[in-house]
Amino acid sequence: GDIDVDTSPDFEYRSTFFFVHPWGKVSHPYFDEGSWGMDGTRVHMPHNYENIVPYSLLDEHPEYFALVNGERTARGAQICFSNPEVVARAVRAARSHFDNNPAQLMFSLSANDTAGFCECPGCKKLGENPAGQTISFCNAVVRELRKTHPTKSVATIAYFVTMDAPT
């Protein structure tokens, strides 16, 4: 009989870890988005903290970086979620991203690809584990972002250190 095929995805956004890198290399040589039904809105999802708070700022602004084992560090660590200027930097980066890419729905607030979450008292208050702290940070950024970009949001990833959901 007749076949009625709908190619619209069930979700506004979905993804695999197969993608084309910005420099053109395909992460999986046989990946074909169309075959996987990966139509829909593309979302900005790189590990992104280092772009928001570059490692080069460590000497000038160590307070932007995670306190790990009593020391502020950039490499092998994250950022300090409770620092108001870090939140402001993330908001500015998100606004710039949407101003330059109006079709995008989300801006990545995805951790650097490492552990090293901040242990400072302010970050400890944000959540009992890295996932809780990450969600608190994302919420703080979204609250400010929505003042200028009410239909936009942020995206983060849950894996490795952030896999255990906050209680």
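From the N terminus on, the elements of the chain follow the order α-β-β-α-β-α-α-β, a total of four helices and four strands. Helices (H or I, at least four residues) and strands (E, at least two) are DSSP runs, numbered from the N terminus. The model is predicted: local features need pLDDT of at least 70 and side-chain atom pairs count only at pLDDT 80 or more, while totals for chains, interfaces and linings use all residues. Residues are numbered from 1 along each chain as its sequence is written, and side-chain values use heavy atoms, with hydrogens and water left out.

Of the 167 residues in the chain, 37% are buried, that is, under 20% relative accessible area with a 1.4 Å probe, protein chains only. Among contacts (heavy atoms within 4.5 Å) in the chain with a separation of 6 or more, 65% join residues 24 or more positions apart.

The largest nonpolar core has 34 residues, of which V53, L109, F137 and V141 touch the most other members. Such a core is a set of buried Ala, Val, Leu, Ile, Met, Phe, Trp, Tyr and Cys residues joined through side-chain atoms within 4.5 Å. At least two residues of this core come from each of α1 (49–52), β1 (66–68), α2 and α4 (130–145). Leaving aside residues up to four places away in sequence, V141 touches V87, A90, V91, L109 and V154.

N83 is located in the loop between β2 (71–73) and α2 (84–100). This residue, N83, counts as buried because its relative accessibility is 12%. Not counting residues up to four places away in sequence, N83 touches E63 and Y64. A polar atom of the N83 side chain lies 3.3 Å from the backbone oxygen of E63.

Note on methods. Buried means under 20% relative accessible area, exposed over 50%, partly exposed in between (1.4 Å probe, protein chains only). A polar contact is a pair of N or O atoms within 3.5 Å; within protein, one must be able to donate a hydrogen and the other to accept it, and residues adjacent in sequence count only if both atoms are side-chain atoms.
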